[in-house]
Amino acid sequence: MAEMGQVFGIKALAAMFDRAKQQRRAAFLPYFPVGYPTYEASLDAIQAMAEAGADGFEIGVPFSDPLADGPTIQAATQVALENGITVGKCLDAVQALRRRGVIQPMLLMSYLNPLLAYGPERFAADARAAGADGVIVPDLPPEEAEAWSEICRGAGLATVFFLAPTSDSRRVELVNRHVTGFIYVVSLTGVTGARAELPPDLTGFITRVRALADKPLVLGFGISTPEQARTMNGLVDGFIVGSALVKAGKDGAGPVGALAARLREAVHV
Amino acid sequence: MTYIQTSTTPVPDERGYFGEFGGRFVPETLIPALDELTAAYHAAMADPAFRQDLAQLQATYTGRPTPISYAKRLSEHLGGAQIYLKREDLAHTGAHKINNALGQALLARRMGKQRVVAETGAGQHGVASATASALLGLECHVYMGSVDIARQQPNVFRMKLLGAEVIPVESGSKTLKDAINEAIRDWVTNVRDTFYLLGSALGPHPYPMMVRDFQSVIGLEARQQIVEMAGRLPDACVACVGGGSNAIGLFHAFRDDENVDLIGVEAGGRGIEGGEHAARFADPNLGRPGVLHGTRSFVMQDADGQIVNTHSVSAGLDYASVGPEHSYLRAQERAYYTYATDEEALAAFQTLCQLEGIIPALESSHAVAEVIKRAPGMPKDSIILVNLSGRGDKDLDTVMRELGLNG
Ligand SMILES: Cc1ncc(COP(=O)(O)O)c(C=O)c1O
């Protein structure tokens, strides 16, 4: 569905990384939850970021117990739940964004339990039909994901697994084998949320992963400013910004689009 | 000094599965920490010195073995089965939670982790963690929902006296579920130097196994004691089930005794129909297999997979999921699960006070409530062994309010 129905899923993500690489920059992947501050406003925010040059999206599915998230995303997804957002509504959101002309790859980001309740096969089929390209499940490590990976393969959806500073070489290789989209590299030990400083040992960590992994690396957790974004070129293939954009989203799509434009500009070469 | 063997058995498998339940569903950051913990746990249990340290603390600090008491007046009053109480309320700090807290705190020290985080619902696990940390010189931080802080004030004060920091949790339902979320977030952040001292037989592998093993001392003692006192094994073992640690601790020693019924009692709250309860196994509308806090088990959730708020008069049973081994024992039809409502638990609380001179925890009162229902229909020569998991001092405010005895 991305690229006007030309390529989708794994191929759409590969094309996204290729394009960024040709431009000698890191791809910019914003995170935004469906339903914050309202359903319509979240679509407006994502569309504004698409127009500001974002390369792809993590579309957040709200969950009552988001244990990998810090206060900003916890509060926003709680509002989304109070707004009546369901898994089905998040799939509608993807479809609506495609209709609005958003062509960038979109990955749904959901904790495992809502996917299990919806039914993994049904979810994968409906996500694909809505126009999603992949799925990210933060509480599903590769060891537990055999059936899920199979389902995603069947539906043509890209899978993403995580690496953290605590992951050893064996786990880097394991994750590298399992992902079909990219490796989500968590910059620090912790939960999501804007941080003033990126961790000092980040380059060493990325170098260690690079030596053992050939899949695209996308850095997330803690990145919030254009200054931090500027350091991503040459370090990783892409980066994710979540909490900072969610904070901006409180005041509507305008500020989100503006921050997204500055983050995108920061990696322009 | 008696050396109490802590048992280990083939479930769970290497990946932490009890049949289709269990496993490890946590962010990547924690997987290496869980691997490290599993290895350290196995090494410790294989080390006679560690087991000796634990056995010595159980005997000289906790006051183990705890006795079993024959509940003569209660048995006569009910007119059926003979009732025996396993007296975990007499363990130091007033509940079975100390068995697990001491085991894990010893393990934390052995692993060189100086900082301990814990969650607590009723406050009993928080008190046990604070106690074990004080004893072993560890730094202890306890997450507790603000709703639970309000209803378990004495335990909050006890934790502070014991030198622990109590951190109020304001997210979600502000109860045990949310305290676990925050404890996990803390652990993810400080994983390198922090030990997560989880208080029930739930969470990602190896916790359900490890907590069961540390609690299995309850059943090992009780099995021997009932044979000595009553001359034979009981017909039924009854325990309340929050996360499921006191129940699995009692059941484990009896798992191969086919003639012993194992009965777990969940919190029926204000009744199953209205959904205001924590009876994960009794309400097919809400309780279904799912994943919460790192493990696959029965979870109270809405149609969309969102975890629902639970209700129980007892904070320690007020939790949306249940340890995976209980889901497994139920699927195997080895154990049977029922529930008692708030009202039934409060009535049982008073009955035990008046007939036996024992003030039970509201959690344990749920198990007593099931005994009150079950015993009259059983023959006079039958035997029920009930786990009195804790004492009720912490619950006096709640009981006074519920019974309208305030002022
Ligand atoms: C006295 C007592 N019994 C039972 C429980 C429930 O926990 P579990 O099901 O893990 O034994 C608690 C929990 O706080 C408790 O304090």
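In this predicted model, the shell of residues around the ligand is made up of seven nonpolar, 13 polar and two charged residues. The ligand is surrounded by 22 residues, and the closest of these are Gln124(B), Gly242(B), Ser245(B), Gly316(B) and Gly390(B). Three helices of chain B, namely helix 5 (124–136), helix 11 (245–251) and helix 14 (362–374), are the elements that give two or more residues to this shell. Helix 11 of chain B gives the most, contributing three residues to the shell around the ligand.

The contact between the two chains draws on 32 residues from chain A and 31 residues from chain B. On the side of chain A that touches chain B, at least two residues each are supplied by helix 3 (71–82), helix 5 (112–118) and strand 5 (158–163) of chain A. The largest share of that side comes from helix 5 of chain A, which provides six residues. When the residues on the side of chain A that touches chain B are sorted by class, 18 are nonpolar, eight are polar and six are charged.

Met109(A) has Ile136(A), in strand 4 of chain A, as its bridge partner.

Chain A also contains a pair of helices in contact, helix 6 (residues 120–130) and helix 7 (residues 146–155), whose axes come within 9 Å and cross at roughly 30°. Angles under 35 degrees count as roughly parallel, and helix 6 and helix 7 of chain A are therefore roughly parallel to each other. The crossing of helix 6 and helix 7 of chain A is right-handed. From helix 6 of chain A, the residues that take part in this contact are Pro120(A), Glu121(A), Ala124(A), Ala125(A) and Arg128(A), and they meet Trp148(A), Ile151(A), Cys152(A) and Ala155(A) in helix 7 of chain A. Sorted by class, the contact of helix 6 with helix 7 of chain A comprises seven nonpolar and two charged residues, with no polar residues.

How values were computed. Residues are numbered from 1 along each chain as its sequence is written. Chains are lettered from A and ligands numbered from 1 in the order in which they are written. This is a predicted model: local features need pLDDT of at least 70, side-chain atom pairs count only at pLDDT 80 or more; totals for chains, interfaces and linings use all residues. Two residues are in contact if their C-beta atoms, placed from the backbone, lie within 7 Å. Helices (H or I, at least four residues) and strands (E, at least two) are DSSP runs, numbered from the N terminus. Ala, Val, Leu, Ile, Met, Phe, Trp, Tyr, Cys and Pro count as nonpolar, Asp, Glu, Lys and Arg as charged, and the others, Gly among them, as polar. Axes are lines fitted to C-alpha atoms, for helices over the stretch in contact, and angles run from 0 to 180 degrees between N-to-C directions. Angles under 35 degrees count as roughly parallel, over 145 as roughly antiparallel, 65 to 115 as roughly perpendicular and the rest as oblique. A crossing is left-handed if the near helix is turned anticlockwise from the far one by less than a right angle, and right-handed if clockwise. A residue is near a molecule or strand if its C-beta atom, placed from the backbone, lies within 6 Å of it. Two strands pair if DSSP finds at least two bridges between them.
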